[in-house]
Amino acid sequence: RTLLFDIHQGRWDDDLLRLLRVPGSMLPEVRPSSGVIGTATVAGLAGIAIAGIAGDQQAALYGQACHGAGMAKNTYGTGCFLLMNTGSAPVASRHRLLGTVGWGLQSANTAGTALTYTLEGSVFVGGAVVQWLRDGLGLIERSADVEPLAASVPDTGGVMCVPAFRS
């Protein structure tokens, strides 16, 4: 997400736009996650609504049916992400998690959009470190080789790997 967006008001932050000299006209119109973004113009699909937009982690939270406050999901891949639904109000984290919008659903019965908020914890280098062991260092041939390698020692001997890599 961009920090130019005011998650409390559900719109671009006028003060930040002014401070950073970003013309609001350069930014897209804010739409709900379930809103119509446009219509297709390609032959055979012309006129079909293009609707629904969500970041991958927010989509995973919604898709895994974490629709109620307090419900959470973890996903593991290149990175590892924990998102917890905090309901209709943003929650300030005491543990440096990111408070953000999970989704905005536009109701057919109201003019407004109901926002659902989340707390997000991110580890951006998760599975990517296994790829680095394989492709960068050549320590393993296949990603699956990392588990038997880790299981081959009784403990880490105090050694930790902090994946803070630059490409």
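## Aromatic pairs and paired strands

At 14% relative accessibility, Thr 86 falls under the 20% cut-off and therefore counts as buried. Thr 86 belongs to strand β6, and this strand is joined to β8 by seven bridges. Please keep in mind that the model is predicted.

**Around Thr 86**

- Setting aside neighbours within four places in sequence, Thr 86 is in contact with Ala 69, Val 91, Tyr 117, Thr 118 and Leu 119.
- One of these contacts, Tyr 117, turns up again in the strand pairing, where this β8 residue stands opposite Val 101.

**Strand pairing**

- Strands β6 and β8 run antiparallel, with seven bridges between them.
- Cys 80 has Val 123 of β8 as its bridge partner.
- Strands β7 and β8 also run antiparallel, and eight bridges join them.

**The pair of Tyr 62 and Trp 103**

- Tyr 62 sits in helix α2 (residues 56-63) and Trp 103 in strand β7 (residues 98-106), so the pair ties together parts that are 41 residues apart in sequence.
- Tyr 62 counts as partly exposed because its relative accessibility is 36%.
- Trp 103, by contrast, counts as buried, with a relative accessibility of 5%.

**The pair of Phe 81 and Phe 124**

- Phe 81 and Phe 124 form an edge-to-face aromatic pair, with 5.7 Å from centre to centre and 75° between the planes.
- Phe 81 is part of strand β6 (residues 80-87), while Phe 124 is in the loop between β8 (113-123) and α3 (127-136), so this pair ties together parts that are 43 residues apart in sequence.
- Phe 81 counts as buried, since its relative accessibility is 14%.
- Phe 124 has a relative accessible area of 61%, over the 50% cut-off, and is therefore exposed.

**Putting it together**

- Strand β6 is a handy place to start exploring, as it contains Thr 86 and also Phe 81 of the aromatic pair with Phe 124.
- Strand β7 contributes Trp 103 to the pair with Tyr 62 and is joined to β8 by eight bridges.

Definitions and conventions: Residues numbered from 1 in each chain as written. Predicted model: local features only at pLDDT ≥ 70, side-chain atom pairs only at ≥ 80, totals over all residues. Heavy atoms only, no water. Helix = DSSP H or I, 4+ residues; strand = E, 2+ residues; numbered from the N terminus. Buried < 20%, exposed > 50% of the residue type's maximum accessible area, 1.4 Å probe, protein only. Phe/Tyr/Trp six-rings, centres within 6.5 Å; stacked < 30°, edge-to-face > 60°. Pairing = 2+ DSSP bridges. Contact = heavy atoms within 4.5 Å.
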